[in-house]
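Take a look at the structure below. We will walk through its inside, step by step.

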Amino acid sequence: MLKTLLLLPLLGAVLLTLLPGRSVDLMRYLASAVAAATALCAFLLLANFDSTSAEIQFFDTRPWNPRVGSNLALGVDGISLPMVLLATLLCFVAIVSSTGIRSGARLYFSLLLVLETALLIVFTARDWSLFYVCWELTLIPLFFLIDRLGGANRHRAALNFVLYTLGGSVFMLIALLLLYDVAPGHSFAMADMAAGGAQLPVNTQVLIFLGLLLGFGVKMPIVPLHGWLPLAHVEAPSPISILLSGILLKMGAYGLIRAAATLPGAVQALQDWLALLALISLIYGAVLAWRQTDLKAMIAYSSVSHMGVVLLGIAALNQAGLSGALTQMVAHGLVAGLLFLLIGLLYERTHSRELAAYGSLNRIAPRFAVFIVFTLLASVGLPGTAGFIAELQVLVGAYSRWHGWMAVLSIGVLISAAYALRAIRCLSTGPERPVAGVPAGAGLATFVDLKRSETAAAGLLTTGVVILGFYPAPLLRLMASSVASLAQQFTH
């Protein structure tokens, strides 16, 4: 089942190359069917997963390069499976919502499916060499997707994204080679590297961990390594922004969790510094989001703030904090994906992302208005949404370690509420305003509300946010054993 999950998107990419160049709709339908089948495989994997065990399940390994000790080792646990489910769901939504892609459709959908395979291998790899290769492989489709199909500054955005990530990856590679040198039998297997890393002196562990932190911190992103994010989000096609914010950022946080398990002494020594970085990212991202008038830029900076919450949960190094970090990764993936989906549809209709350009959408596009208001409130962590459950766990976990300093988290939430409520006010209240692309004098009267397919895609993500908000128990059970096992490493 795991191999099928990974190979299905690649098979879909091959099939797309056989279709006639003018069959754009057929390409989208085929890509959507492949993405749906991949998501179904992921949920079948979930159905057969034993959540009471912290062991790696569906494990399979084949020699890749025996001379250097690398293997095609795959498997999932309670930490990686939620990311696999999130990745397949968001890839499906991104493909279904790509109705505006007409030119270069074959390249676009093929690259999306190749990107999905690379993402899934990153989350299921049990060998650091396989992890690193697929980590880098995600850059290739993303570079072309942004560079070929992005906005006016797409070339700069694509180059910034690649250079930032490659710069961080150099430090990650050096750190992995140092770990490889001390691993029993010179192996890239995650278990062997963890066994070797745990035996190193703490100072050596810290130096290696800092290399991994730079690599994962760029993708996460942690301030001040976030410079690529706003430009890439603004210039990327909206379906690609769904994946960038919804799942690509989670690669960094996931990698950091695996790095913490590999070098427990280092992460404990740097615990307070990681918390400081988290609080800086949280406040800095929220303030910059509050200052934006471009809707995409606002959501991009808010992602920096929300990933600060994830880093704070990881830094807590206890079960509540780590569980909250993983829940926040899932919650933010759903909410940010939904926000970029809606803003992308808004931009397709009006060719504007400026807050000042809109007003009273609730009168002429009630379905859109309901979704956008709900999603903006969910991004703040409204009770009854997934973000509330996540932030509450992070707060509980971090409070047990740093006590009153956690008031800073509350300040971040208040700033988030300020920019979310401002966006709601601009979009849903006030007089109707003329918008580019709409006939003069018509205001927003010709603005088309969400179509059935768009409503279904938005409804799918909204359902996930609400279900996790009111009934998070299945997700928490899925993660519990693996998180408890991880937290146990930091109790000595």
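What follows is a short tour of the nonpolar core and then the cavities.

Keep in mind that this is a predicted model. Start with the largest nonpolar core, which holds 176 residues. Two of them, Phe-209 and Leu-312, touch the most other members. Helix H15 spans residues 319–350 and gives the most to this core, with 16 residues.

Now zoom in on Phe-209. Which residues does Phe-209 contact, leaving aside its neighbours within four places in sequence? They are Leu-256, Ala-259, Ala-260, Leu-263, Ala-266, Val-267, Leu-270 and Leu-274.

The structure has four cavities of 30 Å³ or more. Helices H14 (295–316), H15, H17 (366–380) and H18 (386–402) each supply at least two lining residues. H15 provides the largest share, six residues. By type, the lining of this largest cavity has six nonpolar residues, eight polar and one charged.

The second largest cavity has a volume of about 70 Å³. Among the residues that line it are Leu-282, Ser-305, Val-309, Glu-391 and Leu-409. H14, H17 and helix H19 (407–428) each give two or more residues to the lining of the second largest cavity. H19 gives the most, with four. This lining divides into five nonpolar residues, five polar and one charged.

Technical notes: Residues numbered from 1 in each chain as written. Predicted model: local features only at pLDDT ≥ 70, side-chain atom pairs only at ≥ 80, totals over all residues. Heavy atoms only, no water. Core = buried A, V, L, I, M, F, W, Y, C linked by side-chain atoms within 4.5 Å. Buried < 20%, exposed > 50% of the residue type's maximum accessible area, 1.4 Å probe, protein only. Contact = heavy atoms within 4.5 Å. 1 Å grid on protein atoms, 1.4 Å probe; cavity = no way out; pocket = protein on both sides within 12 Å on 5 of 7 lines; lining within 4 Å. Points joined across faces, edges and corners; volume = space filled by probe spheres on them. Nonpolar A, V, L, I, M, F, W, Y, C, P; charged D, E, K, R; others polar.
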